[in-house]
Amino acid sequence: MDALRIILQVILVLSSFLVVVLVLLHKGKGGGLSDMFGGGVSSGAGSSGVAERNLNRLTIGLALLWTLVVVLLGLIQRVSA
C-alpha cells in the first residue's frame, strides 16, 4: 500500500505542476491577469483554433487525472486508518 501511495503522490505533484503550466499557456481573453504578464501583447499572433482546442483537451484531461488521484489518495487514507 505504501508503494501505491508514493506513486500516486508523485503523479499528483507532476500533474499539479503540469496543470498550472497548461493553464498559464492558454491565450488570454483580455482584461485579466494574463494582460499583466504580456498576454495582451501577443494575442494577435496567438495560436490557431486547433492548437487552442488541443490545449483545452490536454488541460481538462490532466485536471481529471489530478481529481482521480486526489480521490484515490483519500480512499487509501480512509482504508489504511
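Guide: A residue is called buried when its relative accessible area is under 20%, exposed when it is over 50%, and partly exposed in between, with a 1.4 Å probe and protein chains only. This is a predicted model, in which local features need pLDDT of at least 70 and side-chain atom pairs count only at pLDDT 80 or more, while totals for chains, interfaces and linings use all residues. Residues are numbered from 1 along each chain as its sequence is written, and side-chain values use heavy atoms, with hydrogens and water left out.

Visitor: Does Thr59 count as buried or exposed?
Guide: Thr59 lies in helix α3, where helices are DSSP runs of H or I with at least four residues, strands are runs of E with at least two, and both are numbered from the N terminus. Because its relative accessibility is 11%, Thr59 counts as buried.

Visitor: Which residues is Thr59 in contact with, leaving aside its neighbours within four places in sequence?
Guide: Contact here means heavy atoms within 4.5 Å. With the neighbours within four places in sequence left out, the contacts of Thr59 are Leu22, Val23 and His26.

Visitor: In what order do the elements run from the N terminus on?
Guide: The protein has three helices and zero strands. Read from the N terminus, the order of its elements is therefore simply α-α-α.

Visitor: How far apart are the end C-alpha atoms of helix α1?
Guide: The expected span of a helix is 1.5 Å times one less than its number of residues. Helix α1 covers residues 2-25, so its 24 residues should span 34 Å. The model agrees with this, as the end C-alpha atoms of α1 are apart by 35 Å.

Visitor: Which helix do the buried residues of α1 pack against?
Guide: The buried residues of α1 are Leu8, Leu12, Ser15, Val19 and Leu22. In α3 the buried set includes Leu55, Leu62 and Val69, and the buried residues of α3 pack against α1. Conversely, those of α1 pack against α3.

Visitor: Which residues make up the largest nonpolar core?
Guide: A nonpolar core is a set of buried Ala, Val, Leu, Ile, Met, Phe, Trp, Tyr and Cys residues joined through side-chain atoms within 4.5 Å. In soluble globular proteins, nonpolar side chains tend to be buried together. The largest such core here has five residues, namely Leu8, Leu12, Val69, Leu73 and Ile76.

Visitor: Which helix gives the most to this core?
Guide: Helices α1 and α3 each supply at least two residues of the core. With three residues, the helix that gives the most is α3.
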